[in-house]
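Hi,

Here is the structure I said I would pass on. Have a look at it first, and my notes follow below.

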Amino acid sequence: MDMSATSVVVGERRGVKPKPEKEGFVGKPLKRVEDLKLVRGLGGFIGDLKVEGMVYAAFVRSPHAHARIVGVDSSDVLRLDGVIGVLTAKDLGGVGNLPTVDEDAEKKPTPRRPLAVDVTRYVGEAVAVVLAKDRYTAEDAAELVRVDYEPLEAVVDVEEALKPGSPLVHDHLKSNVCYHSVNTVGDVEDAFAKADHVVSLRLVNQRLAPAPLETRGILASYDRGNGELKVWATTQDPHGLRDTLASILGLPQSGVRVIAPDMGGAFGSKISVYPEDVVVSYAAIRFNRPVKWVETRRENIVTTTHGRGQVQYVEAAVRADGRILGLRVKIISDSGAYNTPGALDNPTLTAQMFTGEYDIKAARVEVYSVLTNKVPQDAYRGAGRPEAAYLIERTMNVIARKLGMDPIDIRRINYIPREAFPYTTPGGLTYDLADYEANLERALEFSAYTRLRREQGEARRQGRLMGIGVATWTEICGFGPGLPQTAAVTVTPAGEVMVSIGGHPHGQGHHTPIAQIVADELGVDIGRVSVRHGDTALLPWSSLTAGSRSAALTGSAALLSARKIKRKMSLIASKLLDSDSSELVFSDGFVYSKSNPSRKVRFEEVADAAYKPWKLPEGLEPTLYEYTAYTPPDYVFPYGTHIAVVEVDRDTGEVEVLKYFAVDDIGRVINPMLVEGQVHGGIMQGAGQALIEEVAYDGGGQPLTQSFAEYLIPSTQTLPNIEWTRTETPTPRNPLGVKGVGEAGTIAATPTIVNAVEDALSEYNVVVDRMPLRADYILSLINNSGKRQN
Amino acid sequence: METFILVFKVLGFGDLCLYPASFEYYAPASLDEAIDLLNKHREEARVLAGGHSLIPMMKLRVLRPAYVIDLNRVKGLKYIEEKGGEIRIGALTTYYDVITSDIVKRRVPILAECASVVADPQVRNWGTIGGSLSHCDPSGDMGSSILALRAKMVAKGSSGERVIESDDWFVGSFQSALKTGEILREIVIPTPKPGSGGAYLKLERKAGDYAIAAVGVQVTLDGSGSCTYAGIGLTAVGPTNLRAKKAEQALVGRKVDDRVIEEAARAATEDCRPTDDPLRGSAEYKRAMVGVLTKRALNKALADAKRSR
């Protein structure tokens with residue numbers, strides 16, 4: 001770690017004069033500037049917020065996975081001291097539906113009311129809301145709402161839901177299929193006809209709870225005088241929430257302001273607009289009281305959207321030398337009870353990315369999204385790409401074993417070669433630039449792969465079940481040509497640089513890299529730069545923080561805004577210095593003449609002049625404010641190689657990860673420390689899916705995982721130290737050359753660890769076909785292999 | 001936790017609430033005062049020790065005591081002492097106290113090993129041995145060590161004290177031998193003889209989780225290497241913590257070699273009564289694990305016993 005760079009940040013914040021940074025801030029492992037606030041407990045989270053007159057909401061939720069609502073009786077509730085009011089579905093007459101997909105030949109929309117009307121479709125679906133002076137009273141009151149249910153048969157398993165005659169989640173649809181598509185590229189039949197081997201497997205990506213440290217929450221307050229609804233909410237997409245709330249509540253977009261406070265994570269689960277957002281906002285208007293609701297952990301695990309939930313059938317046509325000629329893939333996605341836009345994004349992204357890093361010319365991919373009586377599916381760290389990487393990387397592993405090849409060799413044979421970029425995939429994407437072979441070589445060297453294999457041989461001779469797993473990954477980042485991101489830069493008269501960025505980072509640490517980029521561009525110390533976000537009043541428009549897109553898009557928008565500022569300041573400085581604006585240099589807090597460095601003016605003097613019309617060049621408008629909505633020309637595709645070493649206890653089935661190596665190529669790096677943090681957290685979450693995490697329901701749709709006592713999340717015990725390094729192939733698709741790293745580790749770690757466990761079990765010749773790799777499951781694989789020796 | 005799944009199945013799902021229903025709170029200064037309150041409010045009252053079982057269940061509203069009687073201001077319930085061939089542990093002694101006690105480490109290391117795998121540091125700092133035993137969770141770790149050590153529980157009620165053998169303590173799931181109005185005051189463990197060893201091995205999904213299965217073993221060997229004492233307790237594989245009597249019988253009076261260990265381990269699989277658990281595995285898996293853990297724990301305990309002669 002570069003301590004000198006770090007001390008600049010800290011020193012500046014303490015008012016110590018920093019030393020100039022000639023070589024710039026980008027590329028340095030600066031500490032996160034926001035942490036000083038957070039570690040001192042000075043952050044402001046939704047739970048901290050209070051507004052005068054605020055009341056608390058508690059939701060009455062369906063205890064049934066599928067039931068007809070026969071009657072709702074809330075007459076007892078208002079007798080309870082401290083209760084302000086109660087709302088049921090019939091009180092929401094003028095309120096619109098929650099978002100679903102637009103109907104077309106492939107997609108079937110499912111109307112969804114903010115509170116269930118006649119039928120509840122998953123356990124935890126909101127049926128009524130109670131408002132009271134405090135949360136305890138609200139919860140007491142919620143118990144007094146009597147809902148009569150007539151239970152209906154529930155469908156829980158996604159493949160059961162696909163069968164004819166299955167109970168229907170939505171009666172108006174004739175089946176539970178809410179999306180179906182087929183995409184065929186190349187001559188798939190021919191590929192299979194020419195194949196020496198056909199490898200078939202069924203893979204399951206279990207449902208996962210995103211489980212952010214902070215649950216969801218909302219505080220809504222309505223100003224009758226101005227007709228403005230002000231909403232503080234845990235959202236990754238403040239403008240999106242504004243526009244959706246305005247549309248559902250029949251308010252003008254100008255009449256809704258959304259403020260997202262500090263947030264403790266989201267992992268994709270705080271993109272969608274939820275029923276509670278609508279109901280709490282409506283209640284604030286209806287009762288003319290500020291209303292607050294913060295989700296309990298049980299509500300979070302049961303009613304916040306789940307990720308993954310995908311069954312995959314794969315057939316690979318393989319030549320004897322290991323070359324893959326074609327793929328047939330069927331993806332069955334467990335949408336849950338409603339066809340939300342987020343639920344549909346996951347399988348469609350999988351269907352775009354399922355060929356991974358490989359040059360596969362012929363492929364057929366069929367996607368079914370299927371309704372079940374479970375909470376809707378949505379984005380979760382990686383959203384569709386972990387499922388894609390799992391599909392292809394598990395397939396590669398099984399092919400390699402079938403052919404008796406090293407997992408490294410099977411990949412080398414099938415890689416898209418360096419010279420083939422830009423490369424168009426069967427999924428319809430055009431990869432930017434990659435050198436998979438070089439990255440793989442680096443990983444082999446970094447992990448001392450040959451030595452690991454030797455150690456494995458030794459362990460096996462001792463009777464130990466040691467395994468080495470490899471996965472190489474790529475993903476789609478930098479969404480996208482249709483989804484700009486915004487940033488604005490203001491330089492105040494005192495020369496302070498204020499950056500407003502779109503979306504709403506929620507723990508990633510955007511303040512620091514954005515400040516690094518802008519400080520370098522303006523040649524000022526990073527301590528001069530502050531970053532703001534999460535208020536729809538800050539920027540005219542913005543899009544969400546998600547999909548590892550912020551460095552590529554937000555970073556570029558901030559950079560381009562800073563460039564515009566620099567251009568304008570050059571014009572002003574040229575008048576102050578009486579020199580040509582094109583030969584001015586911004587550095588060390590000064591604007592210099594390149595030809596005569598003694599001609600210089602302080603950055604803040606230029607800033608001050610910008611607000612004084614008489615100091616400006618003819619025709620130049622005062623103030624320093626520049627805004628950019630950056631639209632990338634195309635997506636970017638980071639990639640990498642991960643290698644895990646595991647040991648399986650053959651008596652108990654327990655899996656221990658002994659070593660973990662990762663070599664990623666995420667393009668240019670703005671802040672290596674933040675990047676490494678993202679990689680570590682990502683790998684942990686990927687390991688969580690492989691080893692311990694699962695949302696479980698019983699056959700009737702009752703959730704069996706309702707707290708962290710049942711739903712396990714990774715801890716320091718889950719993995720050993722992660723060894724990480726990188727290769728660097730800057731992308732040509734944005735001015736920074738950055739790709740994206742937020743989801744990288746999560747995507748890679750799951751197949752890497754599963755491949756390692758399958759390798760450990762190679763003497764039993766089994767295919768690992770489900771996750772998590774619970775001890776009882778692993779032992780059953782061993783016991784059922786027919787090769788167990790006692 | 002298996003507990004809650006069971007409770008949800010019996011009581012239904014509720015509103016995903018994590019706010020307890022209202023209750024009145026007492027903080028008596030003496031055990032007699034606490035017992036008076038308990039006798040006054042009977043079934044409507046619950047005793048609070050460390051609170052790490054009671055409070056979660058109250059937050060889920062699966063327990064709704066009208067009165068909570070907090071023992072934490074009662075003096076003289078937190079101690080570990082050895083006297084007259086017995087180790088006496090006060091009911092409010094925390095897991096942390098047990099783990100760090102020299103007496104425990106020297107005389108009954110099984111107890112320290114067991115306490116160190118209970119939940120997480122926060123729970124171990126607050127949770128008490130008396131609270132755990134009174135709660136009688138079949139997945140509780142302490143109960144199996146208590147069975148392996150054949151400890152006695154001293155209960156106090158309005159009419160005085162009585163001593164309850166560990167074999168009689170575990171009446172049912174979440175049901176101890178305490179009668180209404182009684183509070184567990186002390187745990188008494190006979191000091192193991194020289195040549196003793198113990199081990200508590202827990203198979204868990206992740207550190208801090210409730211056991212898939214766990215086994216506590218305490219053995220004593222005489223000078224000739226024959227087993228003179230064997231105590232084996234099983235966790236999470238029955239309606240209560242169980243004593244593996246057949247396994248104990250397979251050991252006592254015999255010179256313990258690998259064959260005998262195998263025999264005892266097999267007997268333990270017959271002693272347990274596990275049920276299918278959607279998150280932790282089938283009854284069959286748990287039964288097999290009782291065998292594996294018993295064997296491993298015996299090997300560990302026997303090695304310690306040989307060393308301590």
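How many residue pairs are in polar contact between chain A and chain B? The count is 14, with both residues of each pair at pLDDT 80 or more. Keep in mind as you read that this is a predicted model.

On chain A, the elements that give two or more residues to the side touching chain B are β1 (55–61), α3 (135–144), α8 (297–303) and α19 (775–784). Of these, α3(A) gives the most, with 6 residues. Sorted by class, that side of chain A has 17 nonpolar, 10 polar and 16 charged residues.

The rule also finds 5 salt bridges across the interface of chain A and chain B. To see a salt bridge for yourself, go to R61(B) and E143(A), where the closest N and O atoms are 3.2 Å apart.

As for the area, chain A and chain B bury about 3,100 Å² between them, and 58% of that is on carbon and sulfur atoms. R298(A), L704(A) and E710(A) supply 20% of what chain A buries against chain B, more than any other three residues. The contact takes in 43 residues from chain A and 32 residues from chain B.

Now for the inside. The largest nonpolar core has 100 residues, and L327(A), I643(A), I753(A), L761(A) and I778(A) have the most contacts inside it. Leaving aside neighbours within four places in sequence, I643(A) is in contact with residues including L444(A), Y449(A), I468(A), F661(A) and T752(A). Another core, of 44 residues, lies apart from the largest one, and V497(A), I514(A), A515(A) and V738(A) are among its members.

Cheers

Notes. Residues numbered from 1 in each chain as written. Chains lettered and ligands numbered in written order. Predicted model: local features only at pLDDT ≥ 70, side-chain atom pairs only at ≥ 80, totals over all residues. Heavy atoms only, no water. Contact = heavy atoms within 4.5 Å. Buried area = accessible area lost by both parts, 1.4 Å probe. Salt bridge = Lys/Arg side-chain N within 4 Å of Asp/Glu carboxyl O. Polar contact = N/O pair within 3.5 Å; in protein donor to acceptor, adjacent residues only side chain to side chain. Helix = DSSP H or I, 4+ residues; strand = E, 2+ residues; numbered from the N terminus. Nonpolar A, V, L, I, M, F, W, Y, C, P; charged D, E, K, R; others polar. Core = buried A, V, L, I, M, F, W, Y, C linked by side-chain atoms within 4.5 Å. Buried < 20%, exposed > 50% of the residue type's maximum accessible area, 1.4 Å probe, protein only.
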